[in-house]
Amino acid sequence: MKHLARFLIFSTVVLFLVFIIGRYYLQRQFPLSGTLEMAGLQAPVTIEQEPSGMVHIKAQNSHDMWFGQGFVHARDRLWQMEMNRRISNGRLAELFGETALDKDKFLRTWGFRRYAQQAYEHFSPEAQAAVQAYVDGVNAFLAADPPLPPEFHLFQLTPEPWTVIDVVGWQKVMGFYLAANRKAELLRYQLTAKGLSPERALKLVSLYPDEAINTPEGRLPDLKPEAADEVQASKLLDLLAELMPLGTGASNNWVVDGSRTATGKPFLANDPHLGTSTPAIWYLVHLQGGEYDVIGGSMAGLPAVAVGHNQSIAWGVTNGEADVEDVYQLEPTADGKGYLYKGQATEYETLTETIAIKDAEPYTLTIRESVYGPVISDVVDVPAAKPLALKWVGHSADDTTLEAFMRINRAQNWQEFQQALADYYVAPSQNFVYADTEGNIGYQLSGRIPIRAEGHTGDMPQAGTGEW
């Protein structure tokens, strides 16, 4: 009873503080009507919001349109954006203490921020200017001394100015979130270490049913009785539950030709299943400026519309679940400072980062990079006799996926739509469905798919010695 009483008292105090802070925030709510003078705009911009929440941004040029999108994202989703960039930057322990240290070590080893810097440098000048305009809009909101969401007060946090790397870094995290093959590879790796044959491990952990290889299920496999002959069933179940918490959800989309509709025009539908959150991942927006007149679902922290339509075309996306990640087992040199690659001793590229921790001393993290990518066995809890490195298409230096969406937003036909995907889209692999006002429909699997050496299926970690 003592514990219950303490809990009730604690809960009451917390709710009271939230109420007081929330009331203060609402009283100082940023004006939703009127005129604001904003440094950085080239011409007047009109922002209108429907009761449903849909925001219409009408600008005279694309620069001001992107500026306006950054502004409204920050106005409505500032805490969500703050958490997003702390994830991409590996800066959670600053808020949550040592309990988040392992998360930061993982995130920094994966290197979303450093790979985002490389990617941004490969954007066209036009795309770089668009991202910068979006960031300027976010920072213009911060510079207006707005009332901060209650979470900032609870954590006694003042938001730092946004940068273009915060934007591209979050796009990298979304790509990582939608590429889960490494989990299956690492699980099979552990099962073989416990005595299963590679063939049996692949049979137990298969993302694709035998009868329909092109429809990934993403579910736990049915365990056959004979599995007990190789590994004790209870231990196997525990391992599966711990390492492979795959859900049963699946996105879906479809497009129907006008010959099958009452209007004579194509119908396109899209139901992308992403993780539930409060607030939601999606932010509905209408962007109008320059060559753009596009409406649909955007994501806080990212410019452009990810799913929607303009005046000529419509598109929808679901996760392609293509295998775009490969784990490689490195052969360490005798001194442990490197690994053997194509017959030569190759030293790791090492990076040192300092992680700030709330109520604790900073932690110094050493990150090892190989020719394949980061050494993930340093931060992933997988018993490995040798270092494991990850090669992922999302780590490509020329990942211009964000620019692909900008070009899709203003595409006027199938050729321009497909060209945007072919020339700029890298990761995550997505199923795009397409329709246009001319009556055309289409489908495109987007993104880069690894070309592997013969004998390398991508199902199991391979030797990182260069021949694969």
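Where is Pro-428 found? Select it and look on either side: Pro-428 sits in the loop between helix H13 (414–424) and E15. While you're there, check the peptide bond from Ala-427 to Pro-428, which is cis, with omega near 5 degrees. Keep in mind as you click around that this is a predicted model.

**Zoom out**

Show the whole protein chain as a cartoon. You'll be looking at 13 helices and 17 strands. Of the 468 residues, 48% count as buried. Among contacts between residues at least 6 apart in sequence, 64% join residues at least 24 apart.

**The sheet**

Now colour the strands of the open sheet. There are eight, in the order E1-E2-E5-E6-E7-E8-E15-E16, and the pairing is mixed. Which strands stand at the edges? They are E1 (46–49) and E16 (441–445); each has a single partner strand, so one side of each is left without a neighbour in the sheet. Turn the view to look along the sheet: the twist averages 15 degrees from one strand to the next.

E1 pairs with E2 in the antiparallel sense over four bridges, and Glu-48 stands opposite His-56 in E2. The two strands form a hairpin with five residues between them. Pick Gly-53 in that turn, where phi is positive at about 110 degrees.

Next, select residues 55–58 and 282–289. These are E2 and E5, which run parallel and are joined by four bridges. Click Val-55 and you'll find its bridge partner in E5, Val-285.

How many bridges pair E5 and E6? Eight, in the antiparallel sense. One of the pairs to look for is Leu-284 with Gly-297 in E6. This is another hairpin, with two residues between the strands, and Gly-290 in the turn has a positive phi of about 60 degrees.

Strand E15 (residues 430–436) runs antiparallel to E16, with five bridges joining them. Val-433 stands opposite Tyr-443 in E16.

**Helices on and around the sheet**

Show helix H2, residues 62–89. H2 lies across E1, E2, E5 and E6, running at about 155 degrees to E5. Pick Asn-84, which is found in this helix. Is Asn-84 buried or exposed? Its relative accessibility is 11%, so it counts as buried, the cut-off being under 20%. Leaving out residues up to four places away in sequence, Asn-84 touches Trp-170 and Ala-300.

Bring in H6 (residues 125–143). H2 and H6 pack at an angle of about 50 degrees, with their axes 7 Å apart. That angle makes H2 oblique to H6. The crossing is right-handed. Show side chains for the contact: H2 contributes residues including Trp-66, Phe-67, Phe-71, Leu-78 and Met-81, while Tyr-134, Val-138, Phe-141 and Leu-142 are among those from H6. By class, this contact has 13 nonpolar, five polar and two charged residues.

Select Glu-126, Ala-127, Ala-130 and Val-131 in H6; they meet Leu-402, Glu-403, Met-406, Arg-407 and Arg-410 in H12. The residues of this contact divide into five nonpolar, no polar and four charged.

Some background for the last stops: most residues other than glycine have a negative phi, and most peptide bonds are trans.

- Thr-278 and Pro-279: a cis peptide bond joins them, with omega about 0 degrees. Pro-279 is in the loop between strand E4 (267–271) and E5.
- Lys-342: this residue has a positive phi, near 55 degrees. Look for Lys-342 in the loop between strand E10 (338–341) and strand E11 (344–347). At 59% relative accessibility, Lys-342 counts as exposed.
- Asp-359: phi is positive here too, near 60 degrees. Asp-359 is in the loop between strand E12 (349–355) and strand E13 (363–369), and is exposed, with a relative accessible area of 75%.

Note on methods: Residues numbered from 1 in each chain as written. Predicted model: local features only at pLDDT ≥ 70, side-chain atom pairs only at ≥ 80, totals over all residues. Heavy atoms only, no water. Pairing = 2+ DSSP bridges. Axes fitted to C-alpha atoms, helices over the stretch in contact; angles between N-to-C directions. Contact = heavy atoms within 4.5 Å. Nonpolar A, V, L, I, M, F, W, Y, C, P; charged D, E, K, R; others polar. Buried < 20%, exposed > 50% of the residue type's maximum accessible area, 1.4 Å probe, protein only. Parallel < 35°, antiparallel > 145°, perpendicular 65-115°, else oblique. Left-handed = near helix turned anticlockwise from the far one by under 90°.
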